Amino acid sequence: MAILTLILGRLAKAVITLLAIVILNFFLIHAAPGDPAAVLAGETGAADEIYIQQLRERFGLDQPLHVQLGKYVWGVLHLDLGFSYRQQMPVLDLILDRLPATLLLTMTAFGVSLLLGVILGLAAAARVGKWTDSMITGMALLFYATPLYWVALMSVLLFSVQLEWLPAFGYETVGADYTGIQMVLDRLKHLVLPALTLGLFFMAVYLRMTRASLLEVSQMDFVKTARAKGLSENIIRRRHILRNALLPVVTLAGLQAGQLVGGAVLTETVFAWPGIGRLMFDSLAARDYNTLLGVFLVSAAMVIFFNIVTDIVYRLIDPRIGAGAAS
Amino acid sequence: MKKLLTASVLTIAAACTAQAQQQGGRLDIVVQPEPPSLMLGLVNNGPTQLVAGDIYESLLRYDTDLNPQPSLAQSWEVSEDGLTYTFTLQEGVLWHDGESFTADDVVFSADVFLRETNPRLRVSLEYVDTITALDDHTVEFKLREPFGPFLGVFEAGTMPMVPKHIYEGTNYSENPANNTPIGTGPFKFEEWVKGSYIHLVKNEDYYLDGQPYLDEVYYRVVPDAASRAVAFENGEVDVLPGGSVENWDVPRLTEMEGVCSTGEGWEYFAPHALAWLNNREGPTASQEFRQAIMYAQDREFVRDVIWNGFGTVATGPISSKTNFYTDEVTQYDYDPEKARELIEASGYDGETVRILPLPYGETWQRWAEAMKQNLDEVGVNTEIVATDVAGWNQRLADWDFDIAYTYLYQYGDPALGVSRNYLASNIAKGSQWNNVEGYENPALDEKWAEAAVAVGADARQAIYTDIQKEIVEDVPVAWLLEIEFPTIYRCEIKDLVTTAIGVNDGLRDAYIEE
């Protein structure tokens, strides 16, 4: 019941926050130099003023800014995100088209990095000071410090150009028309490199966080108390150390999860992954206002959604948090 | 007798090649950036034309010497006074939905649809008085006054034929058929997975027997230049159209086994790189200063190092690849000493000169840096202004620059693609494809106009030679390089580039040799 109240309260706040974000983004985007009519006209390689004026009218750019904003917000309230003139499609369709690809990529990266990070962190903490620990933390440091695009380029050079094990880009073999298990395998093969590229950095972060946090918590007074009470080492690890040590990891995971939609621009570009990050990037270059606003809106909604999820997970791991919030 | 002989030799040669052409196969071609739409009548940027050039056709094509060739028109006649153009259309041409293509479609496309939607054609159509269908297969264009380059506007990107039965009386830009383009071309639209690829399949009912040879074409969207190079190396794509990869990757790729490249297929566009110089204000308003910019630049270094040897140093406004070029003009060879003298003479006071690079990739960035260095060496204070494409457009449209890089297409004739950049009547804020530099020279304006309507190539050449001599003295813009964009492809692909617009012209003649 308490959780339900929490969720409802947060949802109400979320709607207001989203509305504020829409309005703020609207003004930010319109403040950038360059307008979509000029870009589209530029792309044609020839344009006169009549043509640009026609485009402006089509986009509604000839109207005062507050009228444009009003129309946009009114549309958003009716789940109409407008029309993309660069892509010649309704923005909502465009986003729904691209969202699955991005979610597949980022959730895979998220899941793998969280799982591997925590497991390796646990392993390193269990053997602290030994060579396994040094090896794992050394690896983590490497992934932590290496820029994403370099990892991407090197993995393409190694696994796809040299070894020819994995495809270099795309999300499926174009024109192969696979079905069933073959299709799944084909998609998985395409998923490996981008997901690793995207996940390695966060894996390193989770790993270091888990390890450090475990070591810190295991020195705390309540753990000593538990030992003094004569609890078994197993119970102490699970109930006392791990629960408390995982809280900072959950915080970070919540942050990463919030970026699931908007955070993969670079990876999607290098691997030609037809997702929403690339859509955002292309739309920015073309000043495709409606699409940009749409992507921002969806990303913001995701961030808020995962914040709520994180809060719930917090309460499940550590009931004291909920009690504190209620009082 | 001699005439007969050549004719029969030609027939035999044609028959031989016809036998060698194999049916079937698939091509994967890079397209970048993703086209906004495939409706060539509404959008005619490069990527759209690359893909939609397979779907839509026009009345003529142009060989690499810019001579008109039959396409949807099998023959044409020009009256002696240069006022009446009569086209006889191919018989048995069908739209992709099965309807017949007739003269009515030509009239609708040129006189109704494109007049509204294509700003570039609209300018040429000002010379046209009437467009009439004489019968189902004959169309007559009557001009108000002779217009020299008129036979040059029937290229698919400029005047694509659009189906009257689908578009007549509709709101063109919102017609749902735009998403499933219907043309007469050798390939039909099959599927477009946004962000990934566009799939075209062979048009089984194409009017040329046995053509096209290929079964299907995939246009692959790969946003990153390095990834495009890898895709070609890996064999995932077979053709890299000009400009798909950064120049420094070109030698590496063309040295691979079984890889060919050609610089042909750009003659119609003849991309001419230049730097707009702001003629209105600042140091660049002085003619001496502008001449100094020409002398200060080591353009051969740029061609050899930054463009990896591709391209030709430009001598003036008209490309040597197109008609009516002359090299009898002042040559601005690299001469820093002369540049310094001219800068001194111009009364330059050390003001910072803003250079706006073209935001189209690394090569252009490096080029702006080279210019900066060259100008710094002769004592000009420069600053490179970083922008993205939209910001660049905006600054040019607002005339907010000192020196700005661009490249312009010449469209086969000075009257179509060159004069627009220098006519005072073309000065208009808000558009970046006109006289952006703000050059005003009434005497030359008259000559440009005279050359456009002069009858006969010799008469036109004489005027254009005159214009080039004069304008090169004025340096309203800095002419830099005739750019070459090599098309890179696997050698077993034959007849990929056969016309002056290359891969953009549709793949009706291309085939794969086993």
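Student: How far apart do the C-alpha centres of domain 1 of chain A and domain 2 of chain A lie?

Tutor: They lie 31 Å apart. The model is predicted: local features need pLDDT of at least 70, side-chain atom pairs count only at pLDDT 80 or more, and totals for chains, interfaces and linings use all residues. Residues are numbered from 1 along each chain as its sequence is written, chains are lettered from A and ligands numbered from 1 in the order in which they are written, and side-chain values use heavy atoms, without hydrogens and water.

Student: Where do the bounds of domain 1 and domain 2 of chain A fall?

Tutor: Domain 1 covers 2-91 and domain 2 covers 94-321; such bounds come from an automatic or database domain assignment.

Student: How many residues of domain 1 of chain A are in contact with domain 2 of chain A?

Tutor: Contact means heavy atoms within 4.5 Å. By that rule, 34 residues of domain 1 of chain A touch 24 residues of domain 2 of chain A.

Student: What area is buried between domain 1 of chain A and domain 2 of chain A?

Tutor: About 2,600 Å², with carbon and sulfur atoms giving 71%. Buried area is the accessible area (1.4 Å probe) that two parts lose on being put together, summed over both. In domain 1 of chain A, Arg10(A), Ile29(A) and Val91(A) lose the most, together 22% of what that side buries.

Student: Why is the pair Arg10(A) and Asp311(A) called a salt bridge?

Tutor: The term requires a side-chain nitrogen of Lys or Arg within 4 Å of a carboxyl oxygen of Asp or Glu. Arg10(A) and Asp311(A) meet at 2.1 Å, N to O, so the pair qualifies. The count between domain 1 of chain A and domain 2 of chain A is one salt bridge.
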